[in-house]
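The following report describes strand pairing and ligand surroundings in the model shown here.

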Amino acid sequence: MLARTKIYIARLVNLLLFAYSYLFSKIFNKVKVYNSPLALHIETSSRCDLGCLFCDRGQGIISRPTDFLTLKDFQKIINKIPKSIYWITLYFQGEPLLDKTIIEKIKYLRTNNYYVEISTNAQNISKEIATALVESGLNRIIISMDGVTQSTYEKYRINGNINKVYEAINNLLDTKIFLHKKNPKIIVQYIVFKHNEDEIEIFKKIIKKIKVKTKIKSAQLDSNSIDYLPNNDRYRRYNINNNILQRKKKPPRPCYRLWKEIILLQNGQIAICCQDKNGDYINDNWYNTDIKKIWKSEKINNLRLATIKGTPLEICNNCDI
Ligand code: SF4
Ligand code: SF4
């Protein structure tokens, strides 16, 4: 009990240090980082069973090899990270439920009092897996469902089966009821393209009926995929200017995410945020360097400084924050 209280206090202090560091940097145009990350994203799997249209992993654009993080390496890193980190997500460029040790990993984190989230394409949630997920103590699961019919869904989720998604949601809901558990919280996410925007309202109705939360997200596109931009401006991340996509919102100045979180890729590389899909900005390796050192390194500080000065990184042009 005392140990747990200590952890909660350390996390609260870390949150305050984050707010102070971010505001200080913003007001005085100087990089100050007194806090540890609030959240850590760990790519436990860099493999996927789908070939989603504009996903770098699905399209094989990501150059690093695909594999799973071993349970041993995972535990090693968790034992080394600052205890003041609160939130851990177990996905990045890959499908976490292909990893045979994912349940053990979730349990390990829950035993150590972390809030744990996964995001999945929901192609592999049988009754058995649903039971294991609910029993693992997982806090939150995001399920991708970008369409309500197979013909719409598979336009983006290449090789995906919409019936498996419905089945996955039902299996999780039934298991939660059967085991009298509130968690994992389920969020069904819908990425909006031109081809699926007409199904959004039906999607909302279906999901409302089963009392599950939804997240409607704008699609990340590039100039070659302008045809996929939804007609409804509300769902567009970009404006079109001379046939070039331009982000509607300006990136935050400075970008708070660089003070808040960091991503550990399966092969040891570090990514600075969710747009840094190949870990191109930090040439370091978390297998053999202390995360605390990487977090406060000159390299990351220079990137933080760039966002303070309002010179966003190339990847910021595609970001949705
Ligand atoms: S399921 Fe996720 S990781 Fe896999 S191809 Fe689709 S978007 Fe990419
Ligand atoms: S892409 Fe840019 S704006 Fe988006 S999270 Fe990364 S640094 Fe921040």
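Asn-239 stands opposite Gln-246 in β8, within an antiparallel pairing in which four bridges join β7 (residues 238-241) to β8 (residues 244-247). Strands here are DSSP runs of E with at least two residues, and helices are runs of H or I with at least four, both numbered from the N terminus; two strands pair if DSSP finds at least two bridges between them. Two residues lie between the strands of this hairpin, where Asn-242 takes a positive phi near 50 degrees.

The model is predicted, so that local features need pLDDT of at least 70 and side-chain atom pairs count only at pLDDT 80 or more, whereas totals for chains, interfaces and linings use all residues. Residues are numbered from 1 along each chain as its sequence is written, while chains are lettered from A and ligands numbered from 1 in the order in which they are written.

In the classes tabulated below, Ala, Val, Leu, Ile, Met, Phe, Trp, Tyr, Cys and Pro count as nonpolar, Asp, Glu, Lys and Arg as charged, and the others, Gly among them, as polar.

| Shell | Residues by class |
|---|---|
| Ligand 1 | four nonpolar, five polar, two charged residues |
| Ligand 2 | ten nonpolar, two polar, one charged residues |

Around ligand 1 the residues include Cys-48, Cys-52, Cys-55, Arg-57 and Glu-95. Of the 13 residues around ligand 2, those that come nearest are Cys-255, Cys-273, Gln-275, Cys-316 and Cys-319.

Methods
A residue is near a molecule or strand if its C-beta atom, placed from the backbone, lies within 6 Å of it.
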